[in-house]
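Dear colleague,

I am passing the structure below on to you, and my notes on a few of its features follow it.

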Amino acid sequence: MDVSTQNAGTNQVSAGGFPVSVMILTKDEEINIQACLETVRFSDDVVVFDSHSTDRTVEIAETFDNVRVIKRPFDNWSAHQNWAVANIDFKHPWVLYIDADERVDDEMREEVMRVADPASKASAFRMRRKDMFMGRWLKHAQIYPTWFTRMFRPSKIRYERLVNPIAVVDGPTEDLKCHIMHYPFSKGVHHWLERHNSYSMFEAKELIKVTGGERAPKKDVFSRDPAKKRAALKDIFFTLPFRPQIKWAYYVFWRRAFLDGKPGMIYSRLQYMYEYMIVFKARELRMKEKGEQL
C-alpha cells in the first residue's frame with residue numbers, strides 16, 4: 001500500500017468551538033483543491049486522501065501547513081472510503097468529509113465546530129447540499145433537500161454501494177442546519193460527462209443486483225434514515241421501464257426545474273443522458289453474461 005504523509009498541521013483551532021479533522025478525497029483536482037483548502041483553514045488536521053493524482057493536486061495541497069497527504073489507489077467508492085475510516089489516524093474524534101469541488105462557508109464552519117463535542121452522544125451528523133451550475137443554485141432541478149452523512153466518528157461508520165455510497169452509522173445521527181456548497185461543473189461540462197460515464201458503469205452493476213434479485217428494493221423504503229430511504233427508492237426506480245424519460249419528466253414537471261431557468265433545463269437533460277447510459281450499460285453487461293455481441 002502506497003501511503004505517504006506530508007506536512008502535519010500545527011495551526012491553532014479557532015476559538016468558540018471544538019477541533020475537527022477534515023478529509024478530502026482527490027484525484028486530479030488541481031482546479032479545485034486550492035479553493036477547497038482555503039475554506040477549511042479552521043482545522044489543524046486536514047487529510048487530502050489522494051488517488052495518485054497526475055496533476056498538481058498534491059503539490060498544491062502540500063503548500064498548506066495544516067494538510068497531510070495520504071495516497072491510495074482508487075478501486076470503488078465504498079471500499080476506498082471504508083479503507084480511509086479504518087486506517088487513517090485522524091487527530092480529532094470528529095471528521096468532516098468533503099469533496100474537492102465542495103466548499104465550507106462560515107455558517108457551516110461555525111455549526112460544525114459547535115457540535116463537535118467529544119462527549120456528544122451522536123455518532124454522526126447529516127447536512128444538506130446546494131448544487132451550483134452556471135452561477136445559480138439548482139434548488140428545483142435537484143432532489144432537494146437531500147441529506148448527506150458528512151461528519152462522523154470514524155469508528156462508527158462504514159459505506160455500502162460501488163458508487164454514490166450509502167453511509168451506515170452505528171449509533172444516533174443528528175441533522176445540521178448548514179449546507180455544503182457544491183460546484184459539480186467546476187471542471188466544465190466535458191468533465192461532468194466523463195465522470196458520469198464512469199459512474200454509469202457502477203450504477204449499471206447496482207441495477208443488475210436489484211433486477212437480478214440480489215438486493216430487495218423495498219427493504220428500507222420506510223426507514224427513518226434519509227440515506228437508506230433514498231437508496232431504497234433508487235432501487236425501486238431501477239425496476240421501472242422508460243427510466244430516462246421518467247427522470248427527465250420528474251425534474252421538469254414535478255420538481256419544476258424551469259424555475260431554475262436555463263441552468264435547470266440543461267441539467268435535467270444531462271440527467272436524462274446519464275440515466276440512459278446506465279440503461280444501455282446494464283443491457284451490455286447482461287448480453288456479455290449470455291455471450292452475446294452488441
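Axes here are lines fitted to C-alpha atoms, for helices over the stretch in contact, and angles run from 0 to 180 degrees between N-to-C directions. Helices (H or I, at least four residues) and strands (E, at least two) are DSSP runs, numbered from the N terminus. Please note that this is a predicted model, in which local features need pLDDT of at least 70 and side-chain atom pairs count only at pLDDT 80 or more, while totals for chains, interfaces and linings use all residues. Residues are numbered from 1 along each chain as its sequence is written, and side-chain values use heavy atoms, with hydrogens and water left out.

Helix α7 (residues 243-254) packs with helix α8 (residues 261-289) at an angle of about 160 degrees, the axes being 8 Å apart. That makes α7 roughly antiparallel to α8, a term that applies to angles over 145 degrees, whereas those under 35 count as roughly parallel, 65 to 115 as roughly perpendicular and the rest as oblique. Among the residues of α7 that meet α8 are W248 and Y251, where contact means heavy atoms within 4.5 Å.

K187, in the loop between β11 (173-182) and α5 (189-211), is buried, with a relative accessible area of 13% (buried means under 20%, exposed over 50%, partly exposed in between, with a 1.4 Å probe and protein chains only). Not counting residues up to four places away in sequence, K187 touches K27, D28, E29, I31 and N32, and a polar atom of the K187 side chain lies 2.7 Å from the backbone oxygen of D28.

By contrast, D106, in helix α4 (residues 106-115), counts as exposed at 52% relative accessibility.

Best regards

Note on methods: Polar contact = N/O pair within 3.5 Å; in protein donor to acceptor, adjacent residues only side chain to side chain.
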